[in-house]
Amino acid sequence: MSQDAALTIHLRAEIEEFLYMEAELLDEWRLDEWLELFEEGAISQVLPLRDPTLGTDDSLYLIDDDYVRLKSRVQQLLNGTTYSENPFSKLRRLVSNVRAVAESPMVVRARCNFMVHRSRRGKITQYVGQCRYRLLRKGDSFRITERVVQLDQDNLSQGHLGFIL
Amino acid sequence: MDMTTAHAFANQWIIDDSEDGVFSVRAKAYCDPDIYVAEQKDIFDRCWLYAAHESEIAKPGDFLTRRVGARELLMVRGKDGELRAFLNICRHKGGTVCRERSGNASTFRCLYHSWTYTTQGKLAGVALKESYASGFDKDRFSLYPVRLESYRGLIFICYDETADGLKQFLSGAVEVLDMILDQYEGIDMTILPGAYEYTMSANWKMLMENSMDAYHAISVHTRFFNDYMPNVMGVKMSRNDLFGRTSEHVGVRDLGNGHSVGEIRRFAKNMDATKRSMWEEKYGKERTDRLINYNRNLLLFPNTIIAEQFPMIRTCFPLSADVTESTSWTLVPEQEDPAIRAGRLQGFTSFQGPGGFGTPDDIEVLEQCQRNCRELPADAYLDSSRGMKQEVCLPDDELQNRVMLREWRRQLDLPMGQG
């Protein structure tokens, strides 16, 4: 195995570890811990379903959170006033097809495919898509500076995004 | 009302008791499959329905395919510059004439046997035409046209050839649309990509009522008013600041034909300050104050909401008695200050969307109401009495529900006593 290939695999293993840990925090509704994965000033977005290439100025994003809004979102979910998630839904996500590229020694661009299974009062909704990250190395883990979700569906049939995808 | 009168009313769809100030509608109106069928025939096939904005089909050959009411339409600006709507169905075997959502075309060719239509809906040619008899007249095979009219860029369609024209249908809503659209006079407006499209397990009338109802704001939207507004927007407003009778403008008005408007205090700071002097010159100080300090939420019967703040245009269509499909677009000036644009879109996204800080909680509540409606006794009623005997109804009263439901009842061809 070439040294490059070994480095790629090593980086992917590091990223997988991080993404699995993130998925666990979201599935278990440990959102205050999840929020700590973000750098201050980070952004968290869900792209428009049909025109995912346009910017936030030229199209309606499903979610366009700066760090302040993201923090508020987490707070609202945890303090019980997000009635669409009070009581919490059951969530389980599968994360796969992880790719990672080191942009610089400190910055990694990563992406994964995901499926989120959400169950609430006998109704099951599924969300399938790709999540793209810009990550900053911090000690032996990472901090998120960008988290961008692209859903692979035409419309949000029987689903909304009151929880964190 | 005494018990004998109550009994006499028991089979009515709506109890509109102006004496006691009680307005009730049968819960079954929200979940009965027969009502859904009657609504399609008597309401969605008769009323003018919002379909698109002219900017979406601006140039000759521009087209859109979109479901409006119970049918998919092909809306196209012909080579002659005229806007037209057709059923998107080939006259040969019923194939789909245009399979793209939008674009620009010089002709439309049905995939099945290549029958080809012009942008004006005429059959231009058929494949391998030599086997057709000489009496086969292409002019008899134009696409089925659907009535289309627009008002200040808003395109409406109507499936009823005998219905009144659009302006007559809009009635008092014309003046409110003018107030909203005057603010963008001479400015090219555009619908931004990324319209929110989602379905929910609730009757379409519930979503219409919910879209206008400020009464639920203090309970369902605590997180928006007590958390998001103060902590993120930096705005602190009480119920009274927003919906209280702090001036003669705050309130809800009946605009005729089932339409209504609610006016509330504006709480988002997305107004371009330079506009004040321009408007004062044009409309006078009083109207300018009203434009700047208040927002109008317009309900166009049967199924359209226009919220001035962003602005947002929302339609909802029943897919069945229990399922509603909703689409929300934002209409913005094509060119504008990036900070104002950002404020608009953040305002829209933070509340209205499926990922906003408002809509998911509305869906949660409406879906539970819908389930419960099906579980109620057959003769159960729901209530929309709030504010009934008041001279002026506020946005957290329920005049807009009564205006809509009275028109709903008037349009539906149901025997009075039908259970």
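**Close-up views of a predicted two-chain model**

**Figure 1. Residue classes in the lining of the largest pocket.** The lining of the largest pocket is made up of 18 nonpolar, 11 polar and 18 charged residues. The model shown here, as in every figure below, is predicted. The volume of this pocket is about 1,200 Å³. It is lined by 47 residues, and those closest to its centre are Glu56(B), Leu64(B), Arg66(B), Ile191(B) and Trp329(B).

**Figure 2. Strands of chain B around the largest pocket.** Several strands of chain B each supply at least two residues of the pocket lining: S3 (49-53), S4 (62-68), S7 (102-104), S13 (189-191), S19 (312-318) and S20 (324-333). Of the elements that line the largest pocket, S4(B) gives the most, with seven residues.

**Figure 3. The largest cavity and the residues nearest its centre.** The model contains eight cavities of 30 Å³ or more. The largest cavity has a volume of about 530 Å³. Its lining consists of 33 residues; Ser211(B), Ile264(B), Asn297(B), Phe351(B) and Gln352(B) lie nearest the centre.

**Figure 4. Helix H7 of chain B and the make-up of the cavity lining.** Helix H7 of chain B, residues 222-233, gives the most to the lining of the largest cavity, with four residues. By class, this lining has 17 nonpolar, 12 polar and four charged residues.

**Figure 5. The interface of chain A and chain B.** At this interface, 36 residues of chain A are in contact with 38 residues of chain B. The two chains bury about 3,000 Å² between them, and 49% of this area is on carbon and sulfur atoms.

**Figure 6. Salt bridges and polar contacts between the chains.** Four salt bridges are found across the interface of chain A and chain B. Arg121(A) forms a salt bridge with Glu364(B), and the closest N and O atoms of this pair are 2.7 Å apart. Between chain A and chain B, 16 residue pairs are in polar contact, counting pairs with both residues at pLDDT 80 or more.

**Figure 7. The side of chain A that touches chain B.** Two elements of chain A give two or more residues to this side, namely strand S2 (63-65) and helix H3 (67-78). H3(A) gives the most, with six residues. Sorted by class, the side of chain A that touches chain B has 10 nonpolar, 15 polar and 11 charged residues.

Note on methods:
Residues are numbered from 1 along each chain as its sequence is written. Chains are lettered from A and ligands numbered from 1 in the order in which they are written. This is a predicted model: local features need pLDDT of at least 70, side-chain atom pairs count only at pLDDT 80 or more; totals for chains, interfaces and linings use all residues. Side-chain values use heavy atoms; hydrogens and water are left out. Contact means heavy atoms within 4.5 Å. Buried area is the accessible area (1.4 Å probe) that two parts lose on being put together, summed over both. A salt bridge is a side-chain nitrogen of Lys or Arg within 4 Å of a carboxyl oxygen of Asp or Glu. A polar contact is a pair of N or O atoms within 3.5 Å; within protein, one must be able to donate a hydrogen and the other to accept it, and residues adjacent in sequence count only if both atoms are side-chain atoms. Ala, Val, Leu, Ile, Met, Phe, Trp, Tyr, Cys and Pro count as nonpolar, Asp, Glu, Lys and Arg as charged, and the others, Gly among them, as polar. On a 1 Å grid over the protein atoms alone, a cavity is a set of points where a 1.4 Å probe fits but cannot get out, and a pocket is an open set with protein on both sides within 12 Å along at least five of seven lines; lining residues have an atom within 4 Å of a point. Grid points are joined across faces, edges and corners, and a volume is the space filled by probe spheres set on the points.
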